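Take a look at the model first, then read on.

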Amino acid sequence: MKSDAPRFSSHLTIFLCTILHAFTHALATLLVPLYILIRKDMQLSGVQMASLLVTIYGVTYCLLSFPSGILADGMNRKRLLGWGLIGNALAVVLMGLTRRYEWLVVLAVFAGFAGTLFHPAMATLAPAHYPKSPAMAIGLVGMGSGIGFFAGPQFAGWRAQSAAWQWGTIADWQKPCIEMGLAGIVVGILFLLLATEVNRPVDEATARRATRTPLPKGMKRKLLALSMVLGCRDFAGVASLTLASLYLQKAHNKTPKETGFIIGAMMLFSVVLNPLAVWLTAGRRRLPWLSIILVLGGLTVSTAAWWPVAWVLLGLTIFQCFQLSSYAVSDAAMLERVSSEIRGRVIGVFLSLAGTLAALSPWVMGYWVDEMGTASRDPASYRAPFIVLGALMVVSAASTPIIARLGYVGGPKIDPLTEVGPRTLEPVG
């Protein structure tokens, strides 16, 4: 396939990558509205023990992102993506079958190990199919995050309360794990059968040797700084799901089904916003608008505990419009400043650092709510954690000058903050 001529196979692969993206985030958020059910069923000491499972998954997922990025830069990305989803989904199915907490911990590690293959491989395969508009390819695949964040909590809350089938000692909270996991395995198999890899400009052996070469001078230092600052956004985004779930169920007596609906629905608009945000912020608009989006998101979530319960869904939806669109914009801004040969490792380094920080947040939020004691029934008790999340969002806006120093977007060597517009993802000089 010519590198500059996308065919039907490219369109199909981008579509399938979007579906894989959706399943990756749906599986990762499946337990969020089920924390209280898990605590009661497993007789755990607090919701922090239930939210710890999501943290373990996330930490494993992120810590292994750099090795996954090395694999993505040198191996068949189609196979990495397909088998990654199959392994992730299988672990979730097994979570629905075990009655021992220690096995849930082991399976959370395994799910994170398999799930970590997705983002680095996707970040290199999707732009390779659309070399003339690679940032837009990232935006389109980014639609999957909104679909997954919507479907995971929605499906979990709904099926935990309405699934009528019974088998052995399987608890209500385990039924959505089995059902969603089996669906993920089927999708992973279809991806392996239908998706298409893009031939690299060098043979596989040469590609593998290239992955052993170091990143450009100063790149790791820049990525470390970027991860620490933009990681504040990631922490706030992941934390908001757990905090919102516990806030709705404890302070407003929402059922898991109602909670899953609210948490899922607040993500839905990002399906449209992710590609739209990438398109609207092209060129010189990209980085200034990223800062604006992050600040507006922080201001919105800071006020969440003051909203009447009837307005919670609207308020959280507005926050997630800013939150999730910022991922698409920042990913596009990063990837359009580095060469295709190192994108997998760049995303891997960033996720290893920023993602690990963010992955700690479910346990942190669970611990914070447990420490509230009986005050967790009072909506006013949640003002402080929501303000902290808002402050982290605002701090993350300082990431834009760091992104600007990663490289140049096409054309001559000009100030990345004032470039006219990207024509290629390849850096200059």
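Helix α17 (residues 361–372) has 12 residues and spans 17 Å from first to last C-alpha, close to the 16 Å expected at 1.5 Å a residue (that is, 1.5 Å times one less than the number of residues). Helices here are DSSP runs of H or I with at least four residues, numbered from the N terminus. This is a predicted model, in which local features need pLDDT of at least 70 and side-chain atom pairs count only at pLDDT 80 or more, while totals for chains, interfaces and linings use all residues. Residues are numbered from 1 along each chain as its sequence is written, and side-chain values use heavy atoms, without hydrogens or water.

**Around α17**
- Ser361, Pro362, Met365, Gly366, Val369 and Met372 are the buried residues of α17 (buried: under 20% relative accessible area; exposed: over 50%; partly exposed: in between; 1.4 Å probe, protein chains only).
- These residues line one face of α17, because they fall within an arc of 135° seen down its axis (the arc of directions from the helix axis to the C-beta atoms).
- Just after α17, Gly373 has a positive phi of about 65°.

**Aromatic pairs**
- The structure holds five aromatic pairs (Phe, Tyr or Trp rings, using the six-membered ring of Trp, with centres within 6.5 Å; planes under 30 degrees apart are stacked, over 60 edge-to-face, the rest tilted).
- Tyr57 and Tyr61 form a tilted pair, 5.8 Å centre to centre with 40° between the planes.
- Tyr57 is buried at 9% relative accessible area, and Tyr61 is buried at 7%.

Terms used. Helix = DSSP H or I, 4+ residues; strand = E, 2+ residues; numbered from the N terminus.
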